[in-house]
Amino acid sequence: MSIFSDNIRFLRTQKNLSQQELADQILMSRVRYSKYEDGRSEAPYELLIRISKYFNLSIDLLLTVDIRKYPLEDVLKLPDNRIVLPVVVDQLGNNSIEIVPQKASMGYLSGYSDPEYIESLQRISLPFLTNGKYRAFPAQGDSMPPFRDGSYIIGKYLENIDDLKPNKSYVFVTLNGISYKRFTFRNKKSITVSADNSFYKPYDIPLGEIVEIWQYASGIFPEDFEPDRLENYNLKEMFLEIRKDIQGLDEKISKKTKNLNLL
C-alpha cells in the first residue's frame, strides 16, 4: 500500500461512496480503480488530475501526505495546497504550538513541508493564543531587542503576503534561512525589512525566496534581559552615527575635489 492508495480509500469512505460509484465519477471501471486503491498499480498522471479535481486536493497532497492524520476540516491549507498545517489542540482545547529547536533551526528549512518532522517537534500551549496557527522560532543575534539567543518568538501563520502591515514584526522563513524583522514596504519583486537595532541596515527579501511568514504574537524569555546589554546597543548606535558622519565627510570632500578639478 502507498500513501496515495490510503488517501483515496480514506477520501472515498469519507464521502460514503462505493468503489463503483467513485469509479463512475472519475470515468473508469471499478476493476481498474480497485487496483489503484489496493496499491497494485500506479495511477497515470491523467487519473491523478481527475482524482485531484474531484476531491479538490492537490496531487502533491494526495501523493505525499497521509491525510488520515490531519482531518481536512481541522487543517490550514497553504498556497497551492503545498502542505497542511494541522491545528492541534490539547486536552483543554488550547492550541498546541510547535517549537523549532534552537540548535536545529536550519533543519526547519528542509522539514517545514514534512508533516512527520512537524509532528516530531515539542509543543506548548498558551491559552491566550487562539484563532490561528502558531509556531515558536528561536531568536538569533541582537538585531531585534529584547530578543536574543535563547529566547523564542511565537508567530501566527500569515496566509497571504498581502496582509503584511508596515512597522509590524514577522518571522520570515526563506530559502536562505529564518529571520525576525520588521516589515517596511513591498516592491513588485521583493519586500524590504529592517531591524529594531539601528546598527543593522534594512535589506530586501525577494518574493520568490519567501516560504512562510509568521506574524509576531508573543515571546518566551528564558532569562531576564540584562540592562548592560542595552549599553551594548547604545554603543553600536554610537558607532553607527560615527560611520554616518564619516560617510558625510567623504561625500563633502568628494564634492570639493570635483569642484577644484573643474576650476
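**Close-up views of salt bridges and cores**

**View A. A network of salt bridges links Arg 9, Arg 12, Glu 37, Asp 38 and Arg 40.** A salt bridge here is a side-chain nitrogen of Lys or Arg within 4 Å of a carboxyl oxygen of Asp or Glu. This is a predicted model, where local features need pLDDT of at least 70, side-chain atom pairs count only at pLDDT 80 or more, and totals for chains, interfaces and linings use all residues. Residues are numbered from 1 along each chain as its sequence is written, and side-chain values use heavy atoms, leaving out hydrogens and water.

**View B. Glu 37 and Arg 12 meet through their side chains in a salt bridge (2.8 Å, N to O).** Glu 37 sits in helix 3 and Arg 12 in helix 1, so the pair ties together parts 25 residues apart in sequence. Helices (H or I, at least four residues) and strands (E, at least two) are DSSP runs, numbered from the N terminus. Glu 37 is buried, at 0% relative accessible area; buried means under 20%, exposed over 50%, and partly exposed in between (1.4 Å probe, protein chains only).

**View C. Arg 186 and Asp 162 form a salt bridge (2.5 Å, N to O).** Here Arg 186 is partly exposed at 38% relative accessibility, while Asp 162 is exposed at 53%.

**View D. Phe 4 and Ile 51 have the most contacts inside the largest nonpolar core, which has 22 residues.** Such a core is a set of buried Ala, Val, Leu, Ile, Met, Phe, Trp, Tyr and Cys residues joined through side-chain atoms within 4.5 Å.
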